[in-house]
Protein chains: 2
Amino acid sequence: MSLKRPQVIIIGAGFGGLAAARALAKADVDVTVVDQRNHHTFQPLLYQVATAGLGVDDICYATRGIFHRQTNARAVQGRLVGLDPDAKRITLDGGAELAYDHLVLALGAVTADFGVPGVAEFGFGLKNAEEARQIRTHVLKRFEAAERMSDQRLRAAAMTIVIAGGGPTGVEMAGGFVELFDRVLRRDFPELNVDTARVVLVEGQDRLLGGFSARLGEAARRRLEWMGVEVRTGVNVAEVDVSSVRLEDDTVLHADTLVWAAGVRAHPLAAALDLETGRGGRVIVDAELRVPGHAGVFAIGDLAAAVDEDGAMLPQVAPVALQAGRHVAATITAAVDGSTGPGTFRYRDKGSMATIGRNAAVVELPKGLRLTGLLGWLAWLVLHLVMLIGFRNRANVLVNWAWNYLTYDRGSRLIIEADDPITEPVPR
Amino acid sequence: MSLKRPQVIIIGAGFGGLAAARALAKADVDVTVVDQRNHHTFQPLLYQVATAGLGVDDICYATRGIFHRQTNARAVQGRLVGLDPDAKRITLDGGAELAYDHLVLALGAVTADFGVPGVAEFGFGLKNAEEARQIRTHVLKRFEAAERMSDQRLRAAAMTIVIAGGGPTGVEMAGGFVELFDRVLRRDFPELNVDTARVVLVEGQDRLLGGFSARLGEAARRRLEWMGVEVRTGVNVAEVDVSSVRLEDDTVLHADTLVWAAGVRAHPLAAALDLETGRGGRVIVDAELRVPGHAGVFAIGDLAAAVDEDGAMLPQVAPVALQAGRHVAATITAAVDGSTGPGTFRYRDKGSMATIGRNAAVVELPKGLRLTGLLGWLAWLVLHLVMLIGFRNRANVLVNWAWNYLTYDRGSRLIIEADDPITEPVPR
């Protein structure tokens with residue numbers, strides 16, 4: 001590679017960043033993908049790691065491996081710590097400086113607690129593989145603890161999970177947990193009365209799945225309730241403590257676990273780098289996804305405040321990031337070639353889907369088409385398998401899904417923790 | 001279950017403890033298996049987790065799930081903290097007390113550093129899934145760090161692994177790492193000169209695989225050296241520091257990673273419980289694997305100082321634990337039935353095996369039969385697949401092995417770490 005080729009730096013190896021990098025495979029540029037982790041995380045299946053259906057390694061893929069065969073791209077692990085838009089240069093942690101001609105910011109979003117007391121301290125987010133593993137570990141440990149408790153109220157709290165947020169993540173988590181309780185932990189803990197275990201889904205709006213049609217939101221609610229989830233809409237979480245969740249209507253839910261799926265905001269680095277941000281901390285971009293006043297800098301995906309024809313902000317979902325990544329790659333390619341670029345970014349909504357549990361999902365397609373039940377579920381399965389990166393991950397996920405489906409088991413219900421019997425105090 | 005049935009408590013869900021529990025499936029007893037973890041760990045494949053070939057979830061199996069179909073057994077997670085042999089009662093952490101008629105101690109072994117300075121602080125053991133994951137994480141992070149270093153010597157140290165101990169674990173680790181370096185990390189890090197990466201295997205005896213015939217030890221050495229491992233026999237590690245390993249001959253190896261596979265000792269709980277112990281902290285047992293002076297208490301596996309016909313201590317390997325577990329189960333069954341028990345425990349050595357790398361293993365069978373190369377490797381593969389618990393784990397391992405074999409890839413080269421972008425200091 002000649003150093004004289006235009007340098008494209010992409011910050012973030014999520015859906016948007018990877019889509020941009022791959023779409024630049026044939027461009028006459030050098031691509032560097034920087035991510036704080038050494039892997040891409042397939043976020044749509046994090047909830048299955050949290051509910052013990054899949055292992056962490058099934059849904060993560062080493063970023064460097066993605067570019068073995070793309071000769072104009074490389075991946076490095078690092079954190080962006082500085083941006084000099086005049087010198088067109090970024091700084092990574094450790095001090096390395098990289099010059100860019102085109103910079104694509106695709107940092108994604110982080111969990112937002114909206115200042116609700118106790119969420120940061122006692123709640124669990126679900127934005128990366130380690131957080132998913134922490135949820136799994138915590139829930140399994142609370143069941144182990146419950147078995148040793150004599151106080152029935154404490155026992156029930158140990159077996160109760162509150163999920164804040166009735167969007168796709170919250171709905172999928174709720175379905176996943178109630179199935180884990182009913183079909184696996186009931187058999188694992190014969191001495192516990194798992195009927196007293198509760199999964200409570202709390203949503204501030206008056207319906208679930210706000211991004212979907214009302215009919216599908218209602219279908220999801222009915223299905224979840226049929227499965228045993230308690231759905232509470234029209235009320236927000238007011239306060240969280242180690243073993244209770246208080247709602248705004250002063251209901252107190254005795255629960256040792258709160259999963260916070262009630263909101264995200266753009267990665268805080270955007271504001272720290274003095275980029276202009278809008279609602280949710282999202283970086284203001286123009287119609288071509290450029291950051292105004294910063295030549296050669298683009299922002300895409302959950303980080304960016306891209307808008308549709310009506311000026312409404314696009315949802316923070318994977319398809320927006322994928323399409324924006326490809327769009328920016330086309331814009332950069334055109335700039336390098338001296339040809340005409342694609343111009344304004346237009347998001348084409350191909351639909352949304354959420355799985356609810358065994359044999360059930362809701363799928364919203366354009367033009368009012370909808371799928372529910374088994375057909376929706378099969379569509380969900382196929383799409384997620386196809387979107388996973390790497391044959392190995394697909395094969396592993398398929399094996400585990402087949403196993404879970406046929407046996408009603410969850411092979412990953414493992415508590416993996418550090419523990420050094422040598423240095424531990426030995427009891428007498 | 002009536003409480004009047006004889007109570008059998010088994011401490012430890014390793015090979016020995018599980019074999020005993022399963023062999024009691026038809027006995028008229030209640031079996032309780034207690035383990036400090038909630039899962040069985042398939043220790044023979046831990047080295048593949050450490051070398052990024054398998055995920056943690058592939059080789060662990062939830063203990064409670066093992067007994068879903070065995071109606072006279074249950075599993076609990078807990079630590080033994082007290083033993084009252086007179087009252088025939090044990091205490092678990094948290095205070096729960098359990099009465100036993102028969103107690104099987106199968107606690108296994110822990111890493112022994114033999115007092116070598118720095119091993120406990122800077123070395124990595126390989127006795128459980130979390131330790132294997134820590135090795136994988138550390139090695140991958142050192143490669144990421146190496147890429148940012150300008151000092152060639154520091155770079156080489158970051159890419160150098162010293163493995164202490166030339167038994168099967170050390171040999172398998174060495175082969176696994178040199179393959180990871182050569183075939184995967186070389187492609188992942190095109191800017192590093194991976195030729196300067198070293199895998200050094202250090203063994204105090206003058207040959208590898210002391211438990212095998214000299215010919216197989218020599219075959220393993222030749223194969224490892226052909227693959228690129230530096231084998232140093234007849235010298236021990238004298239001292240370990242954060243980025244160096246000093247040998248007893250005063251050679252200093254500049255290495256940021258030391259894996260300690262040079263020895264184990266019986267779980268320290270044995271001595272803490274005032275049981276009589278012999279060499280390596282192993283619990284003294286009689287010919288029937290009973291703990292003398294403690295009615296109804298047995299010790300098996302790596303924890304026990306069981307001996308062969310000549311009075312020599314049996315090796316601390318899985319087959320001894322498996323056979324001892326079944327033997328103790330037969331003894332207990334006979335005691336419950338009032339029939340004649342199996343009497344003296346006789347270990348039948350069916351052979352030993354160690355894999356060295358792709359297409360290569362050494363297998364020592366009784367009567368001087370030996371396998372090496374591809375045939376040994378296939379035997380090793382089949383045996384380990386069969387011994388794994390659970391169809392799901394077998395299928396996952398098979399998928400990953402096929403993937404690794406066909407592509408020379410290692411899908412699990414993932415650095416999974418906690419990290420909370422919300423609370424992290426945001427750089428300016």
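User: Which residue of chain A comes closest to the rotation axis?
Analyst: Asn396(A), with its C-alpha at 3.0 Å from the axis. Before we go on, this is a predicted model, where local features need pLDDT of at least 70, side-chain atom pairs count only at pLDDT 80 or more, and totals for chains, interfaces and linings use all residues. Residues are numbered from 1 along each chain as its sequence is written, and chains are lettered from A and ligands numbered from 1 in the order in which they are written.

User: OK, and what rotation superposes chain A on chain B?
Analyst: A rotation of 180°, with 0.0 Å of shift along the axis and an RMSD of 0.0 Å. That is how a two-fold axis relates copies.

User: What share of the contact residues of chain A recur in chain B?
Analyst: 100%, so the same surface serves both copies. Contact here means C-beta atoms, placed from the backbone, within 7 Å.

User: Switching to domains. Which ones does the assignment give for chain A?
Analyst: Domain 1 covers 7–36 + 78–111 + 265–337, and domain 2 covers 119–262 + 359–407. Those bounds come from an automatic or database domain assignment. The centres of the two domains in chain A, taken over C-alpha atoms, are separated by 32 Å.

User: And the largest nonpolar core, which residues touch the most other members?
Analyst: Val104(A), Leu105(A), Ile300(A) and Val362(A), out of 138 residues in that core. A nonpolar core is a set of buried Ala, Val, Leu, Ile, Met, Phe, Trp, Tyr and Cys residues joined through C-beta atoms within 7 Å. Buried means 20 or more other C-beta atoms within 10 Å of the residue's own, exposed means 12 or fewer, and partly exposed is in between, with C-beta atoms placed from the backbone.

User: Which helix gives the largest share of this core?
Analyst: Helix H8 (residues 168–188) of chain A, with nine residues. Helices (H or I, at least four residues) and strands (E, at least two) are DSSP runs numbered from the N terminus. Domain 1 and domain 2 of chain A each supply at least three residues to this core.

User: What does Val362(A) touch?
Analyst: Leaving out residues up to four places away in sequence, its contacts include Leu209(A), Phe212(A), Leu216(A), Met353(A) and Ile356(A). There's also a second, separate core of 137 residues, with Ala106(B) and Ala270(B) among them.

User: Sheets next. In what order do the strands of the five-stranded open sheet in chain B come?
Analyst: E11-E18-E12-E13-E14, with parallel pairing. Strands count as paired if DSSP finds at least two bridges between them. E11 (123–124) and E14 (230–233) of chain B are the edge strands, each with a single partner, so one side of each has no neighbour in the sheet. E11(B) is joined to E18 (residues 257–260) of chain B by two bridges, and Phe124(B) stands opposite Val259(B) in E18(B).

User: Which helix packs on the sheet there?
Analyst: Helix H8 (residues 168–188) of chain B, touching E12 (160–164), E13 (198–203) and E18 of chain B. The direction of that helix makes about 170° with that of E13(B). Axes are lines fitted to C-alpha atoms, for helices over the stretch in contact, and angles run from 0 to 180 degrees between N-to-C directions.

User: Is E5(B) mostly covered or open?
Analyst: Mostly covered: five of the five residues in E5 (residues 73–77) of chain B are buried. Ala73(B), Ala75(B) and Gln77(B) lie on one side, with Arg74(B) and Val76(B) on the other. E5(B) pairs in the parallel sense with E2 (residues 30–35) of chain B over five bridges, and Arg74(B) is the bridge partner of Thr32(B).

User: Last one, is Gly293(A) buried or exposed?
Analyst: Exposed, with 10 other C-beta atoms within 10 Å. Gly293(A) is in the loop between helix H10 (269–272) and strand E20 (297–299) of chain A. Asp86(A) is 207 residues apart from Gly293(A) along the chain, yet their C-alpha atoms are separated by 9.9 Å.

Note on methods: Least-squares fit on C-alpha atoms with pLDDT ≥ 70 in both. Contact = placed C-beta atoms within 7 Å.
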